[in-house]
Amino acid sequence: MSEFIKILMIFNYIVLFYFLSLITIYILLNLISFFRILRYKNKIEFADLERIFKLKNYKAISVIVPAYNEGNNIVENVKSLLQLIYPQFQLVVVNDGSKDDTLQKLIENYSLKKIVYPDLYKIKSEHINAVYKSKEISNLIVVDKVNGGKADAINAGINVAKYPLITVIDADSILERDCLLKIAQPFIENDNVIAVGGTIRIANGCDVKKGHLINVGLSKSWLARFQVVEYLRAFLFGRTGFDAINGILIISGAFSCFKRDAVVEIGGYRSGSIGEDMEIVMRLHKHFRLKNPDTKITFIPDPICWTEAPESFKVLMRQRTRWQKGTIECLLLHKELIFNHNYGLMGFIAVPYYLIYEFLGPVIELSGYIFFLVSLFLGILSLEFTIAFLAAAILYGILLSVLSVILEELSFRKYPEIKHLLILFLTAIVENFGYRQLTTWWRFKGTVEFFLGKRSWGSMEKKGISKQNK
């Protein structure tokens, strides 16, 4: 019994150290992000990007939109995307073997006709049935192909994309009209940049009309509100902080931009990957930073892409278990990056962080909660240790979430009303009592399922973003 108690205490101290180290890392990321976001905001606030891009040698963009069973929204979404502000871009919609009327609606509403369009590249993808071009809109291309998944659809789109930059977006994303100007700017400023990620925000509760965001709001669903705070935390100081050490390991699949030739050189997206957006970023790092140590994959903190968040526990669970499986898969596929001096601080800090706190994190946290409760039941914990553990496990989450909301208010102020801020501050506190522990369980579940060989995702039903979800 004494040996068991000794093991319990040792593990409790290990978990306490884990939480304290995580707090330290997050506070450092927060400080770094605060100054980087203010610097970015000062740079971009008074810049007339549209005029700058007309004067400079801009790089044309091919916008690739994978679409599967998007018949309900595809016409309005395409209309919205065609109104993006940029000197020269083409829109490549890839119908990935949809079983609904996605293709038919595109043909009817945009006067599409079949064309002979030879592949510019030969990235492997499922068979392309036909390529269409609009009679009325010269920069609209539609690719119809056999279903192969999102990564495969993107590869097919790359094969017909003709411009040096490719932007990948989800069909149901809502983009701010100047988003292409912002995400293309790093490529103009630094030729070593090969990929740029943008900030994703939650659109649930916002006023959306015909594919355009009219007013920013918050959903009545607490589940959606929790995700608003999560996204603020992940993007505002998570990715902004890692960007300071060229340690971005993931750029969201909902909105990202790449040098086309760089993606072609590594063979495109990895079909069948659970986390294709993280995998391609790690592969780009691995391939190009050995050739050129100055290679940069960067991040834009300006909110430019709005997406729908799950509002049911079932769908959110599927999303989080899949994210966890994707993280594990990518780290195992590219394990040679871990503590590899050839990749600078990314290899020594960013990849180990993901290994310890993202891959192993849910196992450590869940075990920590269980061992802590067992220790409390046995009465072997001192009052001081109990307070320290609870402070590290709970209060640090509240602190970081509140700091994220404050950083949002000090920087971009996308939530215009005082009531929005009050709700977000309340959400930042409440999420730490149940919701965060639930997401830890889902991530633990994803970890177990991955190693048991269960790596499918399941369907992701979406309600559709509208005024009704306020």
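**Strands, a helix and some rings**

Analyst: Happy to! This is a predicted model. To begin, a hairpin of five residues leads from strand S4 to strand S5.

User: How many bridges join S4 to S5, and which residue stands opposite Val143?

Analyst: S4 (residues 128-134) and S5 run antiparallel, with five bridges joining them. Opposite Val143 in S5 stands Val131.

User: In which sense do S2 and S5 pair, and what is the bridge partner of Asn95?

Analyst: Strand S2 (residues 89-96) pairs with S5 over six bridges, in the parallel sense. Within S5, Asn95 has as its bridge partner Asp144.

User: How many residues of S5 are buried?

Analyst: Leu140, Val142 and Asp144 point one way from the strand, while Ile141, Val143 and Lys145 point the other way, and all are buried. For S5 (residues 140-145), the buried count is six of six.

User: What span should helix H14 have, and how far apart are its end C-alpha atoms?

Analyst: H14 covers residues 418-430, so it has 13 residues at 1.5 Å a residue.

User: How many aromatic pairs does the whole structure have, and what is the angle between the planes of Tyr18 and Phe19?

Analyst: Searching the whole structure gives 24 aromatic pairs. Tyr18 and Phe19 form one that is edge-to-face, with 5.5 Å centre to centre and planes at 70°.

User: Phe235 and Phe299 also form a pair; how far apart in sequence are the parts it ties together?

Analyst: This pair is stacked, at 6.2 Å centre to centre with 25° between the planes. Phe235 counts as buried at 4% relative accessibility, and Phe299 does at 5%. Since Phe235 lies in helix H7 and Phe299 in strand S12 (residues 296-307), the pair ties together parts separated in sequence by 64 residues.

User: Which residue lies over the face of Trp222?

Analyst: The residue lies 4.8 Å from the ring centre. Over the face of Trp222 is Arg225.

Technical notes:
Residues numbered from 1 in each chain as written. Predicted model: local features only at pLDDT ≥ 70, side-chain atom pairs only at ≥ 80, totals over all residues. Heavy atoms only, no water. Helix = DSSP H or I, 4+ residues; strand = E, 2+ residues; numbered from the N terminus. Expected span 1.5 Å × (residues − 1). Phe/Tyr/Trp six-rings, centres within 6.5 Å; stacked < 30°, edge-to-face > 60°. Buried < 20%, exposed > 50% of the residue type's maximum accessible area, 1.4 Å probe, protein only. Lys NZ or Arg CZ within 6 Å of the ring centre and 35° of its normal. Pairing = 2+ DSSP bridges.
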